[in-house]
Amino acid sequence: MLSWMGRYRELVEAITRHTNIYSRFSSNTPITFEGIQLSVAGWQILEYIYEHEKDDMRMVYLSEKLCIPQSSFSKQIKVLDEYGLIDRYQYADNKKNIIVKPSLKGKQVYEKYVASFTRKFWEDFFKELEPLSDESLQIFTEAMERLNQSLLKDHDRNILIKLPSAPKRTEK
């Protein structure tokens, strides 16, 4: 009963393969660059912090935006801080709301990392997307976000279903 995917079968297969490959790569392989060893999530967090440095976003918001659990996010922030890649701030009247910004070192390391490493991964992907109009690209992006939201909603439901008991054995 695979017909439910219709003409989207190849796309679903490509997304599934990507998710599985990405999961395997991102969870097991730290990336070392210029003596700095970060997980894929660590590099993503640094990128997002750098990209949004003017926004004064709290750590809680950043973890939600990137869909990284708060505890994992905090561990990554600690590593980024230990390498001197970020600066942490807090308001004098609210010590719970931590704001993170890229440090000068963080910006420099990230820019070198992108120039020598990241672009290679994305170059062919972007080339394949060139024929798409900006409108088509936006539609595809929105469809991916809708899929992400559906996955998160389903995951957050935490529905417990009582399974039927195994038949009881009778002693003879």
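The legends below walk through several close-up views of a predicted model.

A note on how to read them: residues are numbered from 1 along each chain as its sequence is written.

View 1. Let's start with the overall layout: the protein chain has 6 helices and 4 strands, arranged along the sequence as α-β-β-α-α-α-β-β-α-α. Helices (H or I, at least four residues) and strands (E, at least two) are DSSP runs, numbered from the N terminus. Of the 172 residues, 22% count as buried; buried means under 20% relative accessible area, exposed over 50%, and partly exposed in between, with a 1.4 Å probe and protein chains only. Among contacts with a separation of 6 or more, 50% join residues 24 or more positions apart, a contact being heavy atoms within 4.5 Å. Accessible areas come from the Shrake-Rupley method with a 1.4 Å probe; for residues, only the protein chains shown count as cover.

View 2. A nonpolar core is a set of buried Ala, Val, Leu, Ile, Met, Phe, Trp, Tyr and Cys residues joined through side-chain atoms within 4.5 Å. In the largest one, with 26 residues, Trp43, Ile77, Leu80 and Val100 touch the most other members. At least two residues of this core come from each of β1, β2, α2, α3, α4, β4 and α5, and the largest share, 7 residues, is from α2. Look closely at Trp43: leaving aside residues up to four places away in sequence, Trp43 touches Ile31, Phe33, Ile36, Leu38, Val109 and Tyr113.

View 3. A salt bridge is a side-chain nitrogen of Lys or Arg within 4 Å of a carboxyl oxygen of Asp or Glu, and the count comes to 5. Here the side chains of Glu34 and Lys112 meet at 3.8 Å, N to O. Glu34 lies in the loop between β1 and β2 and Lys112 in helix α5, so this pair ties together parts that are 78 residues apart in sequence. Glu34 is partly exposed at 49% relative accessibility, and Lys112 is partly exposed at 44%.

View 4. The closest N and O atoms of Lys78 and Glu82 are 3.6 Å apart. Both residues lie in helix α4, 4 residues apart, about one turn of the helix, and both are exposed. Arg88 and Asp81 also meet through their side chains, at 3.7 Å, N to O. Arg88 is partly exposed at 43%, as is Asp81 at 34%.

**View 5. A nonpolar patch on the surface.** Phe25, Phe121, Trp122, Phe125 and Phe126 together have about 530 Å² of accessible area. Patches are made of residues with over 30% relative accessible area and no salt bridge, with like charges joined within 9 Å and nonpolar side chains (Val, Leu, Ile, Met, Phe, Trp, Tyr) within 5 Å. Helix α5 (residues 104-129) gives the largest share, 4 residues. Phe126 belongs to this helix, α5, and is partly exposed at 48% relative accessibility.

Notes: This is a predicted model: local features need pLDDT of at least 70, side-chain atom pairs count only at pLDDT 80 or more; totals for chains, interfaces and linings use all residues. Side-chain values use heavy atoms; hydrogens and water are left out.
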